Amino acid sequence: MRFETLAVHAGHGVDPSTGAVVDPINLSTTFERDPDGSYPHGYLYSRNHNPNRNGLEAALSALEGGAGAAAFGSGLASVTAIFQGLQPGDHVLAPADIYHGTANVLKHLFAKWQVSASFVDMTRLDTVRAAMQPNTRIVWIETPSNPLMQCVDIAAVVEIAHAGGARAIADNTFASPVLQRPLDLGCDMVMHATTKYLGGRSDVLGGAVITRQDDAHFAALRTAQLFGGAVPSPFDCWLVMRSLPTLPYRMQAHCANADKVARFLNEHPQVSAVHYPGLEGNAFHTIAKKQMSGFGGMLSFEVKGGKDAAMALAAHVEIFTRATSLGGVESLIEHRASIEGPESKTPQGLLRVSVGLEHADDLIDDLAQALERASS
């Protein structure tokens, strides 16, 4: 089946007890045993398995083309579960421009357990090769990156990782499986914050990991899911499943709107830089075009005048909402360095934008008036 058909049908089914076309929400935390102690319906306890979570995991595995998936209560819970498969003394190679939450997990959580991490410019393959160590176990790929929208050559980095005996794992949150297929490019696992485009409505928190092979590493991830217990509720799973059928069409609109907004900003005299791989002059346009079917709904731009000018612009928007997150139907804007904290290396004049599903001309008009008011 093609992607649009999978998005509608994967993980869904007619309820055998009622004939309901929409999946019911199974809120029960526990399930009855037979007199012989067995579980005839396959469910023991909701932390282990739940019908709604099983459906979501089956759907996400199908959409990414994987052999299995594990759902979690947040994107960072899925990141943490991946790294819990490491041993003291192991090393992780990650991009310098990386989601600050993932960086914090490595720097402040797993560092205490003697897991080391190096953060390098992963857009330079020679730098990646030089940074590989004998104890490197995971090469973490994030493309497009957060917040500079840098694009990494997935297939090339996978080759380097595998040659060094490491696994390649991609954070595919910004692209979604509609636009980018890391497993097809050789990655061993793909991670998503389902909170974002997969959920699509800014009303549900979640994460997921999809594996290319049902191997020992995925078994360890399942163990972390079971023992750690950071699983999504049945209702959370149901909410994400509700959104998946519209995912391919939402992504088309996100991409189209972001392209128009990026081109407007790229010509504006108060904007010093636009970070969006869909622009032909962008340094990552070629690699993005090679491995993505669309350039996404995320962009960032830098305002002349630094932090004060950026904060003033954000203060004057009327349609955009000043809020953290991305991938919802509403457009969001934020001063990224303020979110990332004192360790942030993000330019102080940078604003990150999640372009939503409003009319593109209204979004452009809003940015135009905010830029004018911020500069006056």
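I started with helix α2: ten of its 14 residues are buried, so the rest of the structure largely encloses it. Buried here means under 20% relative accessible area, with a 1.4 Å probe and protein chains only. Helices are DSSP runs of H or I, at least four residues, and strands are runs of E, at least two, numbered from the N terminus.

The model is predicted; local features need pLDDT of at least 70, side-chain atom pairs pLDDT 80 or more, while totals for chains, interfaces and linings use all residues. Residues are numbered from 1 along each chain, and side-chain values use heavy atoms, without hydrogens and water.

I looked up which α2 residues are buried: Leu56, Leu60 and Leu63 are among them. I then checked what follows α2, and found glycine 65, with a positive phi near 70°.

Next I went to Lys196. The unreviewed UniProt entry annotates Lys196 as "modified residue: N6-(pyridoxal phosphate)lysine"; such annotations may be inferred rather than shown by experiment. I placed lysine 196 in the loop between β6 (189–192) and β7 (207–211). Lysine 196 counts as buried, at 18% relative accessibility. Beyond four places in sequence, I found lysine 196 in contact (heavy atoms within 4.5 Å) with Thr173, Ser325, Leu326 and Gly327.

Last, I checked charges over rings. Lysine 107 lies over the face of phenylalanine 119, 5.2 Å from the ring centre. The criterion is NZ of Lys or CZ of Arg within 6 Å of the ring centre and within 35 degrees of the ring normal.

Methods. Buried means under 20% relative accessible area, exposed over 50%, partly exposed in between (1.4 Å probe, protein chains only).
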